[in-house]
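Please keep the picture open while you read.

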Amino acid sequence: MGDIAATQWQTNVNIRTFMDENKDGIANKDAAGNYTEGGIPLLNVAVRLRDGSLANLLATDFNGTTNFNETFPLFSWYTVETDVTRYKNTGTHVVYDAGGPADGSSSCGVSGYHRAEAP
């Protein structure tokens, strides 16, 4: 039968909330792969459904990271928001695999992970 298209039943949503010192909206790293802008600890992060109802709620760890593992996509989309009562959002950086294979195999014609480029 060959490759058969299938839906990913669960997804992982990984979030890093940080003090954006240079106001570029991206969590910058140094040459060694360490973050250069400090994370915000114990900040509420909510995942909401398209109707605004709450799907998940967690607080960031001491590095500003929150992981919503094995989140069921409900064949819909989510909105992720952080606590805006103390800090201003300077940007959101989203990485998406452009619909490629989850394991990076060549089943879609090209191996590895690829990002969709803006025109």
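The notes below go through a sheet, a salt bridge, a core and a loop contact.

This is a predicted model. Its three-stranded open sheet has the order E3-E2-E5, with antiparallel pairing. Look also for the largest nonpolar core, which has five residues, and for Thr60, a buried residue in a loop.

**The sheet**

- In the order E3-E2-E5, the strands of this open sheet pair in the antiparallel sense.
- Strands E3 and E5 stand at the edges with a single partner strand each, so one side of each has no neighbour in the sheet.
- On average, neighbouring strands of this sheet are turned by 20 degrees against each other, direction ignored.
- As a reminder, strands of a sheet pair through backbone hydrogen bonds, and they can do this in a parallel or an antiparallel way.
- Five bridges join E2 and E3, which pair in the antiparallel sense.
- Strand E5 covers residues 79-82 and runs antiparallel to E2, with four bridges between them.

**The salt bridge**

- How many salt bridges are there? The count comes to one.
- The partners are Glu81 and Arg48, whose side chains meet at 2.7 Å, N to O.
- Glu81 belongs to strand E5 and Arg48 to strand E2, so this pair ties together parts that are 33 residues apart in sequence.
- In general, side chains of opposite charge can pair when their charged atoms come close.
- Are these two residues buried or partly exposed? Glu81 is partly exposed, with a relative accessible area of 32%, and Arg48 is partly exposed at 27% relative accessibility.

**The nonpolar core**

- Which residues make up the largest nonpolar core? They are Val13, Ile15, Val45, Val47 and Phe68.
- Strand E1 (11-16) and strand E2 (44-48) each supply at least two residues of this core.
- Phe68 is in contact with Val13, Ile15, Val45 and Val47, among others.
- Leaving aside neighbours within four places in sequence, the contacts of Phe68 also include Thr11, Asn12, Asn56, Leu57 and Leu58.

- Where is Thr60? Thr60 sits in the loop between strand E3 (54-59) and strand E4 (65-71).
- Thr60 has 2% relative accessibility, and the cut-off for buried is under 20%, so Thr60 counts as buried.
- A polar atom of the Thr60 side chain lies 2.7 Å from the backbone oxygen of Ile40.
- The side chain of Thr60 also reaches the backbone nitrogen of Leu42, at 2.9 Å.
- Not counting residues up to four places away in sequence, Thr60 touches Ile40, Pro41, Leu42 and Leu43, and other residues that it touches include Thr17, Val45, Thr65 and Thr66.
- Leu42 itself is in the loop between E1 and E2, and at 55% relative accessibility Leu42 counts as exposed.
- Most residues other than glycine have a negative phi.
- Leu42 is not a glycine, yet Leu42 has a positive phi of about 55 degrees.

Terms used:
Residues are numbered from 1 along each chain as its sequence is written. This is a predicted model: local features need pLDDT of at least 70, side-chain atom pairs count only at pLDDT 80 or more; totals for chains, interfaces and linings use all residues. Side-chain values use heavy atoms; hydrogens and water are left out. Buried means under 20% relative accessible area, exposed over 50%, partly exposed in between (1.4 Å probe, protein chains only). A polar contact is a pair of N or O atoms within 3.5 Å; within protein, one must be able to donate a hydrogen and the other to accept it, and residues adjacent in sequence count only if both atoms are side-chain atoms. Contact means heavy atoms within 4.5 Å. A nonpolar core is a set of buried Ala, Val, Leu, Ile, Met, Phe, Trp, Tyr and Cys residues joined through side-chain atoms within 4.5 Å. Two strands pair if DSSP finds at least two bridges between them. A salt bridge is a side-chain nitrogen of Lys or Arg within 4 Å of a carboxyl oxygen of Asp or Glu. Axes are lines fitted to C-alpha atoms, for helices over the stretch in contact, and angles run from 0 to 180 degrees between N-to-C directions.
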